[in-house]
Every structure is written in C-alpha cells, then in structure tokens.
Amino acid sequence: MKHTLLRVIHEDRRLSRDFRRDWNRLHQKTPKANCFTSLEWIEPGIRLFTSRDDSIHPLRFVNAVGETVAMAIHGKIKEPGRFGKIKCWRTLDFNAQRITPVLAPDGERATDALLALYEEVAPTVDRFDFFKLDGLDGDIQHLCNALRARGLDLSLNPFNEQPRILIPSPAPEGFQFRGATTRKRFRRLERKMEKDLGLGDVRYQRICRPDEMTEDIWAAVKSLFLNSWQAQAIEESPGTTAATSWEFYESTARLFCEQGKLDLSLLYAGDQLQAYDLNIRDDQTVYMINGCYDEAASPYSPGSILLHAALRDSLERGDRIIEMGGDHLEYKGQWTQDKETAFHLRIAGGTPRAKFKTKLRRLRS
C-alpha cells in the first residue's frame, strides 16, 4: 500500500546552482549535519572515487506544494553475490565519520523521505545500505521504528565505534589531559628528539586561517603523507592509491580552508616536519581527518606529542569535542574512554530476489 507524502526528483550528477543553494540551506537546518554531509566533502569524493559510468543520484524530496523538504546524494552499485550480482542503493560516505542518511530538518521528514525513496527505487534494487549513520542521540531507533511500522524489512547494527574527547565546559582549574606526569613525559621526549635528531628545537604550530596556509606547508604535509606507512598500506590495498587519497584530503581541506574551517596541527624539529594532524573545525567540534608522523621519529612518539599540544591548545580556545573517527590511529584512541557508535542501516529492496529472501528469513525466524 502506498503512503508516499513526498515526491522524489532525480537530478543530474553535475549539480545545478539551485541544487547547491538548496543543499546548503537544508544542511544548516539538519540535526547532526556536519562536514561529511557537506558538498565540500561529497563532490571531491565523487570526482576522485567514482567513474562516469557509476550511478550517482542527487535527490530532492518535494512536498505537495513543491517545496524541497529533504535531499540526498546516493549511489547505485552492483556487488558480487552467491547467485549473481546484488543491486544495492547506498550512501556515499568517502572516508566520512558519522553521517545522516538524508538531509532533513526533523525525524518526521527524514522518515517521509526514506519512505518516498523506498517506493520510488525498491522495485529496482535488492537492498538499501546506509553506512556510518549517526545515532542522532537515540533518534536513529525512532526512525527505524517508524519505517518498520510502514512495513519495511530492515536491520540496524553497529558499524564501528569512534573515540572522542569531551572537553569539560567550563574546565576545572588546573585541568590537564592525562595529568602532569604525561606532560612531563612528553617534554622529556621532545628534548630527546632535539638531541638525537639534531635538527633543532621541537615546536608546535596550529594553522586555522586561510592567510596562514602556504604552498610550502601543503607540499611538506603531502610529502610526509606519501612517504608514510599509511600511504604504503593504501597502495597495498585494492580500490585506490595513496596519490588519489591525498588528492581527496587536500581538495576537501582547501575548500574548508576557504571557509576558515581548516584546523592543521604541525610538529617540527627545526624546519623539518615530523608529524601533522589534518582536521576540520566546525563550531566547537574538531574532526580529525588524516594524520601522519615521520617513522624515523617514532621512538619519540611525535604523534602523541602533537596531540597533547593540540588538546591543550583546544582547551584554551574553547573547543568542546575532538572527534577521532572510525579509522583513528590506535594511540589516539588511548586518550579517551568515550566512544560514539556509527550504525549500518540495511533495508530489503523490492525485487523478486529481495522479496524471496525476506519471506525465507521470516519463515526461519
């Protein structure tokens, strides 16, 4: 039985000016929308990680009087299965942390948009996969319950856990991250780094304004990344290259830099870069995007030294949340016990294959 309240409009993957304008307007009204649901993140991902043959779907969800009340950019792909290709409709996350499945100002319109999407697309897909979804402060369960009440067969499971540091507001007098002992330990490591490497004083720099960022800094950060073990691991895995990954990070970072949202932490020994954390700062939240350190300096824990310096700086400037993401380096996760769960929402499609699997599963349960 149809119960669509919204009409779905498919737009060209070359986003129009009107689509961009409405996306940015709706982005400001959507709870939990962040840098990963912005066009500054999504468009470089589409350009670098998809081909012209990939099925990319910018969507509007329009009400009875023609108003755009929800939007999304999804993809349609084919995945290998036991009995042929599985047709999947999915979110485009591109190394994102936690995202929303659609842009919508409230849960009711998000539900209506997903229902409209289901009725429009389900006959052509075997399943819907929405990855890395934010828990929406518990409202993700309400969204799933509303979809189940309309007859959708779905599952919601944890995708990963993402550590984050919550900085108290106001911070107690004398507050320190992991205590004074940690601070003294890092100072000793800095002195040892200075002595052993012989490159000069260890110094910390944080770049937040567009006029502070130079092409020389971009080049130094790129060089450190491309010569890192992370880049080597990317090269050894199928799907992309280290050069493409860096182009994505740099492309997004430059766009956010123009908006004053780039947050780049740097650790030098003399004039030589030893570690960096490429972050995006939105309001009082810092999203840690990509970080590397020089392996030659690994005995001195340059990444931890850098993080400790950045946290003290964040405390002074009034940051409240440091998001480390699902692909955080292990040492970063040791700084906090607080974790947020990202979810995977799967909805059965409406093809004969999907309907058969749904009936079979229900018979077995």
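## Helices α6 and α8

Helices α6 and α8 cross with a right-handed sense. The model is a predicted one. Helix α6 spans residues 215–226 and helix α8 spans residues 242–258; their axes cross at roughly 145 degrees and come within 11 Å.

On the α6 side, the contact is formed by Glu215, Trp218, Val221, Lys222, Phe225 and Leu226, while α8 contributes Ala242, Ala243, Ser245, Trp246, Glu250, Ala253 and Arg254. Sorted by class, eight of the residues in this contact between α6 and α8 are nonpolar, one is polar and four are charged.

## Helices α3 and α4

Helix α3 (residues 107–121) packs against helix α4 (residues 139–149) at an angle of about 45 degrees, and their axes are 10 Å apart. Because of this angle, α3 is oblique to α4. The crossing of α3 and α4 is right-handed.

From α3, Gly107, Ala110, Thr111, Leu114 and Leu115 meet Leu143, Ala146 and Leu147 of α4. The contact of α3 with α4 comprises six nonpolar and two polar residues, with no charged ones.

## Nonpolar cores

The largest nonpolar core holds 78 residues, and the members that touch the most others are Phe61, Ile73, Leu264 and Tyr276. Apart from this core lies another, of 24 residues, including Phe177, Ala297, Tyr300 and Leu307.

When neighbours within four places in sequence are left aside, Leu264 is in contact with Gln205, Arg206, Ile207, Met213, Ile217, Val221, Tyr276, Asp277 and Leu278. One of these, Val221, also belongs to the α6 side of the contact with α8.

Note on methods: Residues numbered from 1 in each chain as written. Predicted model: local features only at pLDDT ≥ 70, side-chain atom pairs only at ≥ 80, totals over all residues. Heavy atoms only, no water. Axes fitted to C-alpha atoms, helices over the stretch in contact; angles between N-to-C directions. Helix = DSSP H or I, 4+ residues; strand = E, 2+ residues; numbered from the N terminus. Parallel < 35°, antiparallel > 145°, perpendicular 65-115°, else oblique. Left-handed = near helix turned anticlockwise from the far one by under 90°. Contact = heavy atoms within 4.5 Å. Nonpolar A, V, L, I, M, F, W, Y, C, P; charged D, E, K, R; others polar. Core = buried A, V, L, I, M, F, W, Y, C linked by side-chain atoms within 4.5 Å. Buried < 20%, exposed > 50% of the residue type's maximum accessible area, 1.4 Å probe, protein only.
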